[in-house]
Amino acid sequence: MSDSVKISYKEKEFTYPVIEGTMGDIAVDISTLRSDTGLITLDEGFKNTGSTESSVTFLDGDKGQLLYRGYSIDELAENATFTEVMYLLLYGELPTASQLDSFNKELQENCTVNQGVKDMVNAFPTTAHPMSMVGAISFTLSSFYPEVGEVKTPEEFDKAAMILLAKFPALCAMAYRRTNSLPINLADPSLDYVSNFYQLMFKNDQNIEISPSIVSALNKLLILHADHEQNCSAATVRVVGSSQAGLSASIAAGVAALWGPLHGGANQAVIEMLEDIKKDGSGLQFWVDKAKDKTHAFRLMGFGHRVYKNFDPRAKIIKQATDEVLAQLGIKDDVLDLAKGLEEVALQDEYFVKRNLYPNVDFYSGIIYRALGIPKEMFTVMFALGRLPGWIAQWKELRIDKQAIGRPRQVYIGAKTRSYVSLDKR
Ligand code: SDX
């Protein structure tokens, strides 16, 4: 007999079923609450509200556990490639060797973008933020590739997902090239996914050397960002998709949500914060105290998480990878030492400990990106490149399951009913 929750209201009692997820997560199903009682729930920021059932990603904030389709992020980051994880998120199973080979071949066959998209990129001022370009191009992509707009059948979905995933490296790299006044590189279908992205970003006249440590670091970083259940941008993609908007338009909405400094924009904000701390010279405790001071809007960027009340497992992996990549590339970045010092001071501070504020995925990622030559204005674009398969997998789940349009209710606190007053009487 499964559990239930009883609500007593106006001398009546109402019972609602408790449902349990496959990993033991529990929820009370209140889908008939309003018709039963006239009540709605109010939950600012949806801190206690589940918007859907999903089979894509599971995370346990207390244990610091993250699974993609049941596979732990540690094992995937260690053993898989990013395109393997794309396949897993989209289709629910790890691909066989031949499935992965065909998937990779199709990504390579679709990796170029047409002149119309390039003309659009060149229409942007070089002062544009790369995220504004990636968002704009995502939104209009169905004008250049209609397949990524209207998607009704599983076959149409496969085609649309493939086009978006295959072309996104070029879209992201073009934003970098334009904002650095560099000529746009051509995609190279002979290369694997991350190597093609790297040459799109950095190839100049001579050939480009892409070391195995760069390929490995990029695969790992993109895997770690690939999905994260109902985070702000994935929830946005789902709500927009629930109106039957096209796939690329829904992805553009996810790009917009990700850009916020409290979400995906935090990786850029972390590096800017660390550079300010380094320049300012007031010492780490000063900044930790400033982050605690409610009279300041300043927060320790890269710290805290809505769900993780323990270490973000991704932050641990990225922190270790940062040491490895900098050693392999022979790079010394004193901002890394600053980040480690800040983590140490904060994690000994009662304010952070009491609120379970630990480093999140964004705290160290910017340091690796910098070591790979990626400028801070591109950090959130890197997050979008990683998160794309997760957004698409969640959009597919929403549309294939034909879920209802996402339309929350509210509690109105404005003016009561009143009559119009003519202009001459105001
Ligand atoms: C991502 O949701 C996801 O899964 C997101 C993500 C993903 O993969 O998609 O993991 C990616 O967005 C990671 C988070 C990146 N953002 C940052 O690093 C920005 C800094 N962090 C915060 O702004 C904050 O921690 C959030 C936005 C991440 C979470 O905010 P919540 O859950 O709404 O928590 P809250 O704002 O209610 O904070 C609770 C308390 C408050 O203090 P009190 O009111 O209890 O006194 O903790 C404090 C906050 O002031 N607090 C911080 C803090 N984060 C929370 N104080 C100082 N510095 C911080 N970073």
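Tutor: We may begin with helix H3, where Phe82, Thr83, Glu84, Val85, Met86, Tyr87, Leu88, Leu89 and Leu90 are buried. Please bear in mind throughout that this is a predicted model.

Student: How many of the residues of helix H3 are buried?

Tutor: Helix H3 covers residues 82-91 and is mostly covered. A residue counts as buried when its relative accessible area is under 20%. In helix H3 this applies to 9 of its 10 residues.

Student: Which residue with a positive phi follows H3?

Tutor: The backbone after H3 takes a phi near 90°. The residue with this positive value is Gly92.

Student: How many bridges join strand E1 to strand E2?

Tutor: Strand E1 comprises residues 4-9 and strand E2 residues 12-20, and the two run antiparallel. One of the pairings is that of Ser4, whose bridge partner in E2 is Pro17. The number of bridges joining E1 to E2 is 6.

Student: Which residue takes a positive phi in the hairpin of E1 and E2?

Tutor: The hairpin has 2 residues between the strands. A positive phi near 50° is found there, and the residue that takes it is Lys10.

Student: Is Asp60 buried or exposed?

Tutor: The side chain of Asp60 meets that of Lys63 in a salt bridge, at 3.7 Å from N to O. Lys63 is exposed, with a relative accessible area of 63%. Asp60 has 16% relative accessibility, and the limit for this class is under 20%. Asp60 therefore counts as buried.

Student: How many salt bridges are there by this rule?

Tutor: Side chains of opposite charge can pair when their charged atoms come close. For a salt bridge, a side-chain nitrogen of Lys or Arg must lie within 4 Å of a carboxyl oxygen of Asp or Glu. By this rule the count is 16.

Student: How many residues apart in sequence are the parts tied together by Arg238 and Glu397?

Tutor: The side chains of Arg238 and Glu397 meet in a salt bridge of 3.1 Å, N to O. Arg238 belongs to helix H10 (residues 232-242) and Glu397 to helix H18 (residues 379-400), so the parts they tie together are 159 residues apart.

Student: Which helices are linked by the salt bridge of Asp334 and Lys278?

Tutor: The two side chains meet at 3.4 Å, N to O. The pair links distant parts of the chain, 56 residues apart. Asp334 is in helix H15 (residues 334-347), and Lys278 is in helix H12 (residues 266-280).

Student: Which helix gives the most to the negative patch?

Tutor: On the surface, Glu106, Glu109, Glu155, Glu156 and Asp158 gather in a patch of negative charge. Helix H4 (97-109) and helix H7 (154-179) each supply at least two of its residues. With 3 residues, the helix that gives the most is H7.

Student: Where does Arg306 of the positive patch lie?

Tutor: The patch of positive charge on the surface gathers Lys47, Lys294, Arg299, Arg306, Lys309, Lys354 and Arg355. Arg306 is partly exposed, at a relative accessible area of 46%. Its place is the loop between helix H13 (284-292) and helix H14 (313-328).

Student: What accessible area do Val5, Val28 and Ile30 have together?

Tutor: These residues form a nonpolar patch on the surface. Val28 lies in strand E3, residues 26-28, and is partly exposed, with a relative accessible area of 38%. Together, Val5, Val28 and Ile30 have about 180 Å².

Key:
Residues numbered from 1 in each chain as written. Predicted model: local features only at pLDDT ≥ 70, side-chain atom pairs only at ≥ 80, totals over all residues. Heavy atoms only, no water. Patch = residues over 30% accessible without salt bridge, like charges linked within 9 Å, V, L, I, M, F, W, Y side chains within 5 Å. Areas by Shrake-Rupley, 256 points an atom, 1.4 Å probe, with all protein chains shown as cover. Helix = DSSP H or I, 4+ residues; strand = E, 2+ residues; numbered from the N terminus. Buried < 20%, exposed > 50% of the residue type's maximum accessible area, 1.4 Å probe, protein only. Lys, Arg positive; Asp, Glu negative; His and termini not counted. Charge placed at Lys NZ, Arg CZ, Asp CG, Glu CD. Pairing = 2+ DSSP bridges.
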